[in-house]
Each structure stands twice: as C-alpha cells, then as structure tokens.
Amino acid sequence: MAAQKDLYDAIVIGAGIQGCFTAYHLAKHRKRVLLLEQFFLPHSRGSSHGQSRIIRRAYPEDFYTQMMAECYQIWAQLEHEAGTRLYRQTGLLLLGMKENAELKIIQATLSRQGVEHQCLPSEELKLRFPNIRLARGEVGLLEKSGGVLYADKALRALQDAIQQLGGIVHDGEKVMEIKPGLLVVVKTSCRSYQAKSLIITAGPWTNQLLRPLGIELPLQTLRINVCYWREKVPGSYGVSQAFPCFLGFGLAPYHIYGLPSGEYPGLMKVCYHHGNNADPEERDCPAAFSDIQDVHILSCFVRDHLPNLEPEPAVMEHCMYTNTPDEHFILDRHPKYDNIVIGAGFSGHGFKLSPVVGKILYELSMKLMPSYDLTPFRISRFPRLGKAHI
C-alpha cells in the first residue's frame, strides 16, 4: 500500500497539451493531481512541441465549431493568468476551387454557428492578397478570428499554472505498469503511485499503455514533415503585411496549410497535413520515399501559389500525428474500468481544442456530466473493435 502522500485524486499520463490542460482543470478544481511525463521537459518527441499552431473556428462539423467558442475563452483566460501572449489574430484564409464541397460545408457551418467570415471571389482575393498566385482561379473564405497559437509558450504557461495551483509535474518518469482497481496503481521507472482515477493522454504511446489493460484502439501514428520556406523578400508573408494563416482544400491529395513568417526570421511555415507510418520510438529514422513525395507536393504548391517563396524547404523538422480512422478524437472511459479515462487520436488538429478536451477529460475522470455531447468521440463508434480488442 502506497503512503498517503502518494495517493492522488487523479494521475494524468502524458504532458503534451491535452494532458497539461486536463491537469490544469483538475488543479483549478482543487483536486490533488500528478502529471507524469516519460521524457524530460521540454521535448520534441510527441505532437505538442514547436512554436506555432493554427487556431480556427472553421470546421465542417458543428460540434468542433461549438467547442471552439469556449476554447477561445479559456485560451484568453490562460493568457491573462500567465501574463504572456499566447494567441495572435491573423485571420484564416480557406483556399480552394469554388465548387469544392468541403469549402461549401465549412461556409454553411460558419453561417449556422454565427461565426464572422467573408467570401472572397478570385478578383477580390487577388487584390486583398497579391502575393498569393491563383493558379487555377481559386476563391477564398476568410475567417476573421483565425490566427496563431504560440505552442511552446502555451505548454510552459500551463505547466507553470498547474504547479502554482498545487498540482505536481514529474518529468523523465516513464510509466512501466498500470494496475486497475478501485484505486489505480501506477508504477513508473522511479516509484509507485495510487489514484482514484487515471487519465491517459499519451499520444503515440497510448496503445502501449492500453494493451496490458485489454484494449487496443485503432490509432495510426504518422511522422509529419514540418517545412519552412525562405522568403525572397524577408517579411513579405509576415503578420506585419497582414498575411493570414491559410488552409488549402482540394489543391493536393491532402490539405496544405501555412502560417505567416515569424517563427524563424525570413521563413514561412507551409506543411502537408499528412505523413508516413512511424514508430514513435524511431521517429528520427531516415526519410522514406513517401517523405520525398510529400515535400515534392509542397514544392509544387509553393511554386504555383506562393511565388515570393523559394520553392525548396530551407528547414525541415518533424512531429507526430496519432490518427483515428475518422480523424475525430477519442474521449471516453475504458470499457471495463470506469475510473480510467482515455484522450487519444487527436489526428493533427487537437492543439487548438485542448482547453475543452482537458475540461471534458476532467469531467469524465470526476464522473461529472460532460459539458458536450460525446457521441462523436466514443470508443464504441469503431464497430470492428470487437472482443479481440477489448
């Protein structure tokens, strides 16, 4: 039996953005919380590192757009508490052909949810953003509240806030074993802990923790190339030139997205929303042929649409996506152990939504009524997850 001092209301495994926001909400509600991270912080092994992410309300699904309303409020609250700027409004430009179905659905969702946006026909788009070349007569949809989240600053602010609120953060401490029960026992590389509830937000390592608990989720881990492209004239695609974040639909097999230059002086981040199967333990393995194909797709896009960028990446970094088959999150309790909660499968679009994801995981762990309808996020939506997997 662990000593009383090692008994927690909740243990959170994984100190990425989802785990940090979960621990933050628990600590805010005066719960005794322990946040465990296998690597020493900060690290670049998961999905939450790097300087920037896009924040947007623009989604095809109403439920994400609705969740984002509260996310913006919580991001602003964290910014105020931390005294650090975490969000910069730049606007988000959705780019595609007029007939693109996803663009039409997003516009309908924004209208239905009362989100301010503007449709830009080709001629108006050319005038507004002359440094975008419309290679095929594309149109634009501008969501005004879109912008940039400063990711690494947000993680630091949250980790500080958790500790200021009385939560405990242990990094460099890998979970070796989880023993379910009325009190869950978590054995790490250092010691054992007990908690009334356990929340697993372990990104690409989720199934490694869940397999011994009798469940394997349909998660695919991908290695993503994060590419930065040199401006021919420094600052020409910068925030100071009122250049927005953008998201391209139907211009390549998968979405292409970009953020204004600024992270690295004179470089703009333009990336492909897709990657290659990867083992998280071997993330830095040599580039696969498909990596080269992905960069070629981006080079063609940059050459055709962003003529003031050099068409070869100047810097290439990597991050991990953990995707579900439908690219919707998993926010649910373990089917057998109702005091073990799982947050997984954020599919490359979870960062902006983490304030509400953390709130939902806190509510599930404390057996409170969830603030949102969790139907889209339940494990049971995967019918092939039969008895062999549970």
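Which residues does Asp332 touch, not counting residues up to four places away in sequence? I looked this up before anything else.

I am working with a predicted model, where local features need pLDDT of at least 70, side-chain atom pairs count only at pLDDT 80 or more, and totals for chains, interfaces and linings use all residues. Residues are numbered from 1 along each chain as its sequence is written, and side-chain values use heavy atoms, with hydrogens and water left out.

**Entry: Asp332.** I found Asp332 in strand 19 (residues 330-333). Helices (H or I, at least four residues) and strands (E, at least two) are DSSP runs, numbered from the N terminus. Asp332 touches Ile340, Val341, Ile342, Leu364, Phe377, Arg378, Ile379 and Ser380. Contact here means heavy atoms within 4.5 Å. I then checked Ile379: its backbone nitrogen lies 2.9 Å from a polar atom of the Asp332 side chain. Asp332 has a relative accessible area of 17%, so I noted this residue as buried. Buried means under 20% relative accessible area, exposed over 50%, and partly exposed in between (1.4 Å probe, protein chains only). I also took a distance to Met268, 64 residues away along the chain: the C-alpha atoms are separated by 37 Å.

**Entry: helices 1 and 2.** I compared helix 1 (residues 17-28) with helix 2 (residues 62-82): their axes come within 14 Å and cross at roughly 75 degrees. That makes helix 1 roughly perpendicular to helix 2. Angles under 35 degrees count as roughly parallel, over 145 as roughly antiparallel, 65 to 115 as roughly perpendicular and the rest as oblique. Axes are lines fitted to C-alpha atoms, for helices over the stretch in contact, and angles run from 0 to 180 degrees between N-to-C directions. Helix 1 contributes Ile17, Phe21, Tyr24, His25 and Lys28 to the contact, and helix 2 contributes Ile74, Trp75, Gln77, Leu78 and Glu81.

**Entry: the sheet 3-8-4.** I traced an open sheet of 3 strands in the order 3-8-4, with antiparallel pairing. Two strands pair if DSSP finds at least two bridges between them. Strand 3 and strand 4 (87-89) are the edge strands, each pairing on one side only. Neighbouring strands are turned by 25 degrees against each other on average, direction ignored. Helix 2 packs on the sheet and touches strand 3, strand 4 and strand 8. Helix 5 (residues 151-164) also packs on the sheet, touching strand 3 and strand 8. Strand 3 (residues 52-55) and strand 8 (residues 147-150) pair over 4 bridges. Ile55 stands opposite Gly147. Strand 4 is joined to strand 8 by 3 bridges, and Tyr87 has Leu149 as its bridge partner.

**Entry: Ser145.** I placed Ser145 in the loop between strand 7 (139-143) and strand 8. Ser145 is buried, at 14% relative accessible area. Its side chain makes a polar contact of 2.7 Å with that of Glu143. A polar contact is a pair of N or O atoms within 3.5 Å; within protein, one must be able to donate a hydrogen and the other to accept it, and residues adjacent in sequence count only if both atoms are side-chain atoms. Leaving aside neighbours within four places in sequence, Ser145 is in contact with Arg57, Tyr72, Tyr87 and Gln89.

**Entry: Gln220.** Is Gln220 buried or partly exposed? I read 38% relative accessibility, so Gln220 counts as partly exposed. Gln220 lies in strand 13 (residues 220-231). The side chains of Gln220 and Asn277 make a polar contact (2.7 Å).
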